[in-house]
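Could you walk me through how to read helix packing and pockets in a model? I'd like the general idea each time, and then the case at hand.

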Amino acid sequence: MTGLRIGIDFGGTKIEAVLMNATGEVVHRERRSAPQGDYEMTLSALCRLVHDLDARTGGPCPVGIGTPGAWVEQRHVLKNCNATWLNGTPLLDDLVGRLGPRVGIANDANCFALSEARDGAGRGANVVFGVILGTGVGGGIVVNGSLLEGANAVGGEWGHTPMPYRRADWVIEPRLRECEARLASRTCYCGRVDCIETWISGPALAATYEELEGVARAPEEIAKLETPAMDLYFAMLARALAQIVNIVDPDVIVLGGGVSNIPRIYERVPELMSRYGFTHEGATLLKPAQFGDASGVLGAARLHG
């Protein structure tokens, strides 16, 4: 079975893997529970999975792994992982030591963006910005089919920049201005205050609703309601994405993660984006991910071409 490659998406609670052939077709897929809080167990689980997949193919395959953080080449460690037990660990070096130089890793948001740019909703576009709106908020930039990771391995990590126009009176309609003024600033796990992630992730939407309405609801329930919390969410997402258009000016922005499944995002946010950017012409398309939750693992398999 030549031409096969392995893609692995290491998430907070699960590890998903695929075998992909040379034409991009998935010929095998499986999911396993992810170890929690233990680096050695994580390393062993990844290697065991790769060996099991190798056994299916009759020989070693190239391996791409999406991780919940970024690899720092200068120090040979992972950083910015929300699976915090991986921070500061030499994961890539240890994997190469056990599996050989066939292993590559990338941030999970980058894998998502790569999959959607190569094969999904951004296919054919020159510049694609891929966004994950889930428990956290991540992003990745793909230019002419290649990841733009950056000198500090944080290309696309727009979730940890400040929410634009926070409480700026002139930028939002009076009704929403009053709602936003009632919301306290939020501390992000990265140590900063009012990061974009603290306002447009799934938990952030739930927090906004509870703060405004005094009642706790799950994000998927809130998404069905006509409520100021949803209107404010659309405005904040538009404000955040408008900054990406100002800086990167992508052809397509592709949204993934649980929150991206709200259909009204694609009706409301594009029009709002034009209010917050610098003379936007509305040329940037906003699309849902074609492959949904599978984009991360598919992009990991694409790390080898």
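Q: What should I know before I start?
A: This is a predicted model, in which local features need pLDDT of at least 70, side-chain atom pairs count only at pLDDT 80 or more, and totals for chains, interfaces and linings use all residues. Residues are numbered from 1 along each chain as its sequence is written, and side-chain values use heavy atoms, with hydrogens and water left out.

Q: At what angle do the axes of α8 and α9 cross?
A: Helices (H or I, at least four residues) and strands (E, at least two) are DSSP runs numbered from the N terminus. Axes are lines fitted to C-alpha atoms, for helices over the stretch in contact, with angles from 0 to 180 degrees between N-to-C directions. Here α8 (residues 228-247) and α9 (residues 265-276) cross at roughly 55°, and their axes come within 8 Å. Angles under 35 degrees count as roughly parallel, over 145 as roughly antiparallel, 65 to 115 as roughly perpendicular and the rest as oblique; α8 and α9 are therefore oblique to each other.

Q: Which residues of α8 and α9 meet?
A: Contact means heavy atoms within 4.5 Å. Among them, Phe234, Leu237 and Leu241 in α8 and Val269, Leu272 and Met273 in α9 take part. The residues of this contact of α8 with α9 divide into 13 nonpolar, 1 polar and 3 charged. In that scheme Ala, Val, Leu, Ile, Met, Phe, Trp, Tyr, Cys and Pro count as nonpolar, Asp, Glu, Lys and Arg as charged, and the others, Gly among them, as polar.

Q: How do the axes of α4 and α8 cross?
A: Helix α4 (residues 174-181) crosses α8 at roughly 90°, with the axes coming within 10 Å. That makes α4 roughly perpendicular to α8. The residues of their contact divide into 6 nonpolar, no polar and 4 charged.

Q: What volume does the largest pocket have?
A: Rolling a probe the size of a water molecule over the atoms shows where empty space is left. On a 1 Å grid over the protein atoms alone, a pocket is an open set of points where a 1.4 Å probe fits, with protein on both sides within 12 Å along at least five of seven lines; lining residues have an atom within 4 Å of a point. Grid points are joined across faces, edges and corners, and a volume is the space filled by probe spheres set on the points. The largest pocket has a volume of about 1100 Å³. Of its 41 lining residues, the closest to the centre are Pro68, Asn82, Asp108, Ile132 and Gly136.

Q: Which element gives the largest share of the lining?
A: That is α3, with 3 residues.
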